[in-house]
Amino acid sequence: MIANFPEFFMDTRVRHRETSADGKARLAAVADWLQEAAALNAKAMGFGEDQVFARGITWVLTRMVLQINRLPRTEESIRVRTWPGRLDRFGHRGYEILNADDATLLLSAAAEWTILDLKTRHIAPMPEDMIQEYPEKTFDIIPFSGKILPKAQNCPHRAQLLVRKDDLDVNGHVNNALYFSWILEPMPKTDKQLAMVDIRFRSETFPGDHLESSCTAYLPTADDTNLLETRHTIMRTDENGNQTETCRARLFWKEATHF
């Protein structure tokens, strides 16, 4: 069995192509860093890509939440910390991104991972021997914004997307990091700053798929905070005109601050 309270650190620097015009990291880049750190940690624990592929299965991300203090900037040195969280019907994982020089916490994140059967493309149970190896005690992780993500309805903002061959990852489907970009595609230009992203991945997408990314206008939140909320959905339309939701997200926004 793996020792209790395992954690893993990955150091990197924010590259120019990983930032937007404002010099701050793209959400897709953040998702890439978290995914890479998780993959390296899983490999070190014996649950990595090669180990699960040999069983005809793979890990897939089903949900992720980001709590953002600020996004890293171009050429900033950062440290990604990750650790396996509790294990139930999902494998939970926690993350932090810190400034590598002074350990300032830039953002926290949590994720739900599950097992996909590569032959059937259906969700599968975790092998019993993997469960037995999982650490008994782990660090806590941050909560999601709610048990269920609300539907995005009455969306005035829409963008059409076409999945490319280059969008695929080693699992043979679109990599989860791209959805972080796609949910923002229909958003009008804003001077607000992201405070939280809660995103659920509902079905796979493949090259040639026609997608529509939609989002609501800003909505007031139910509590006393000064945050505003937008709700997002990505729908896939097949050749017969049938639609399937591939992704759903809830974003919280705050007034921009300058450092």
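Colleague: Setting aside residues up to four places away in sequence, what does Arg 26 touch?

Modeller: In this predicted model, Arg 26 touches Arg 17, Glu 18, Thr 19 and Ser 20. Arg 26 sits in the loop between β1 (8–13) and α1.

Colleague: What makes Arg 26 partly exposed?

Modeller: Its relative accessible area is 39%. Buried means under 20% and exposed means over 50%, with partly exposed in between, so 39% puts Arg 26 in the partly exposed class.

Colleague: How far is Arg 26 from Ile 115?

Modeller: They are 89 residues apart along the chain, and their C-alpha atoms are separated by 27 Å.

Colleague: OK, move on to Thr 114. Why is Thr 114 called buried?

Modeller: Thr 114 has 8% relative accessibility. The cut-off for buried is under 20%, so Thr 114 counts as buried. Thr 114 belongs to strand β5 (residues 105–117). Beyond four places in sequence, the contacts of Thr 114 are Thr 58, Trp 59, Val 60, Thr 62, Arg 89, Phe 90, Ile 123 and Ala 124.

Colleague: And the nonpolar core, which residues have the most contacts inside the largest one?

Modeller: Trp 33 and Leu 66, in a core of 57 residues. Helix α1 (residues 27–45) supplies the largest share of this core, 10 residues. There's also a second, separate core of eight residues, including Ile 142, Phe 144, Met 196 and Phe 252.

Colleague: What does Trp 33 touch, not counting residues up to four places away?

Modeller: Trp 33 touches Met 10, Thr 12, Val 14, Glu 18, Ala 25, Pro 72, Ile 78, Val 80 and Ile 97.

Colleague: What about Glu 75, what is noted about its phi?

Modeller: Phi of Glu 75 is near 70 degrees, a positive value in a residue other than glycine. Most residues other than glycine have a negative phi. Glu 75 is in the loop between β2 (57–68) and β3 (77–87).

Colleague: Where does Glu 75 fall, and why?

Modeller: Glu 75 has a relative accessible area of 46%. That value lies between the 20% and 50% limits, so Glu 75 is partly exposed.

Colleague: Then what makes Asn 154 exposed?

Modeller: Asn 154 has a relative accessible area of 75%.

Colleague: Zooming out, how do you know whether the radius of gyration agrees or disagrees with a compact globule?

Modeller: With 259 residues, a compact globule would have a radius of gyration near 18 Å; the protein has 18 Å, so the two agree. The C-alpha atoms fill a box of roughly 55 × 50 × 35 Å along the principal axes.

Colleague: How far apart are the mean positions of the positive and negative charges?

Modeller: They are 3 Å apart, for 32 positive and 37 negative charges.

Conventions. Residues numbered from 1 in each chain as written. Predicted model: local features only at pLDDT ≥ 70, side-chain atom pairs only at ≥ 80, totals over all residues. Heavy atoms only, no water. Core = buried A, V, L, I, M, F, W, Y, C linked by side-chain atoms within 4.5 Å. Buried < 20%, exposed > 50% of the residue type's maximum accessible area, 1.4 Å probe, protein only. Helix = DSSP H or I, 4+ residues; strand = E, 2+ residues; numbered from the N terminus. Contact = heavy atoms within 4.5 Å. Rg over C-alpha atoms; globule rule 2.2 N^0.38 Å. Lys, Arg positive; Asp, Glu negative; His and termini not counted. Charge placed at Lys NZ, Arg CZ, Asp CG, Glu CD.
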